[in-house]
Structure formats: structure tokens, C-alpha cells
Amino acid sequence: MLGLLASRYVSFVSNPSPWPSFDDDGAVLLVVSRYRVAPTDRDRFVDDAESAIVVVASQVGFLSASIGQSTDEADLLVIRSEWAGVGAYRRALSSYAVKL
């Protein structure tokens, strides 16, 4: 019994990251980015957000994305994206095309 507990403890402690590994169990990484947008800038923001989504959609590990609005505050918009894992998201943000 002690050997089983010790091996679980060692495998837990040996993971240097405080975050769970999404790549191993098929879980999806959900990223939500909130933006306050003045009503006069809303159309431009949505156009720019759609253009950004087109660029990140070409990256490996991208699953989906959408633009949404708060039900309580008209000036609060979100961009929600789903990724195959933390690594895919980080690599996508590091891509030259995304940085442009």
C-alpha cells in the first residue's frame, strides 16, 4: 500500500507545472479574452476580431472561436477560442503570422 501511495506522490511532485496537462487526456483549452469597446468602435472591433480569428484558425491545434457580447453590458465583448492544448495555444501565439 505504501509503495502505491509513494509512486502516486512521486509522479505528482515530479510534474514541475502547477497546471494540468491538457495534451494527455484530450481535454480542450478554453481561452476567453474580454474587451471594453465603445459603441462607436464596435463595428471596427468586430471586423478586426474576425480577421484575427481567420489568422489563428490556420494554426495547428486551433479548434474553434467566436465573438460574443455580455448580456448585461453592451460595451463588453469577448473572443472565445478553443485549442487542442496549452502547447498548441502557445505555439500559435508565437507564430510569425499571428504576431503580425
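Ser70 sits in the loop between strand 2 and strand 3, where helices (H or I, at least four residues) and strands (E, at least two) are DSSP runs numbered from the N terminus. With a relative accessible area of 19%, Ser70 counts as buried; buried means under 20% relative accessible area, exposed over 50%, and partly exposed in between (1.4 Å probe, protein chains only). A polar atom of the Ser70 side chain lies 3.1 Å from the backbone nitrogen of Asp72. The model is a predicted one, in which local features need pLDDT of at least 70 and side-chain atom pairs count only at pLDDT 80 or more, while totals for chains, interfaces and linings use all residues. Residues are numbered from 1 along each chain as its sequence is written, and side-chain values use heavy atoms, with hydrogens and water left out.

Stepping back to the whole chain, five helices and three strands are found. From the N terminus on, these elements run α-α-β-α-β-β-α-α. Of the 100 residues in the chain, 21% are buried. Contact means heavy atoms within 4.5 Å; among contacts between residues at least 6 apart in sequence, 61% join residues at least 24 apart.

The three strands form an open sheet in the order 1-3-2, with antiparallel pairing; two strands pair if DSSP finds at least two bridges between them. Strand 1 and strand 2 stand at the edges with a single partner strand each, so one side of each has no neighbour in the sheet. From one strand to the next, the twist averages 15°; axes are lines fitted to C-alpha atoms, for helices over the stretch in contact, and angles run from 0 to 180 degrees between N-to-C directions. As a reminder, strands of a sheet pair through backbone hydrogen bonds, either parallel or antiparallel.

The two pairings can be taken in turn. Strand 1 and strand 3 run antiparallel and are joined by eight bridges. Leu30 has Glu82 in strand 3 as its bridge partner. Strand 2 and strand 3 pair in the antiparallel sense over seven bridges, and Ala65 has Ser81 in strand 3 as its bridge partner. A hairpin of six residues links strand 2 to strand 3.

Leu29 belongs to strand 1 and is buried, with a relative accessible area of 13%. Leu29 and Tyr89 are 60 residues apart along the chain, and their C-alpha atoms are separated by 8.2 Å.

Helix 3 (residues 42–57) has 16 residues and should span 22 Å at 1.5 Å a residue, which agrees with the 22 Å between its end C-alpha atoms; the expected span is 1.5 Å times one less than the number of residues.

Gln59 lies in the loop between helix 3 and strand 2 and is buried, with a relative accessible area of 17%. The side chains of Gln59 and Ser95 are joined by a polar contact of 3.4 Å. A polar contact is a pair of N or O atoms within 3.5 Å; within protein, one must be able to donate a hydrogen and the other to accept it, and residues adjacent in sequence count only if both atoms are side-chain atoms. Leaving aside residues up to four places away in sequence, Gln59 touches Trp83, Ala92, Ser95, Ala97 and Val98.
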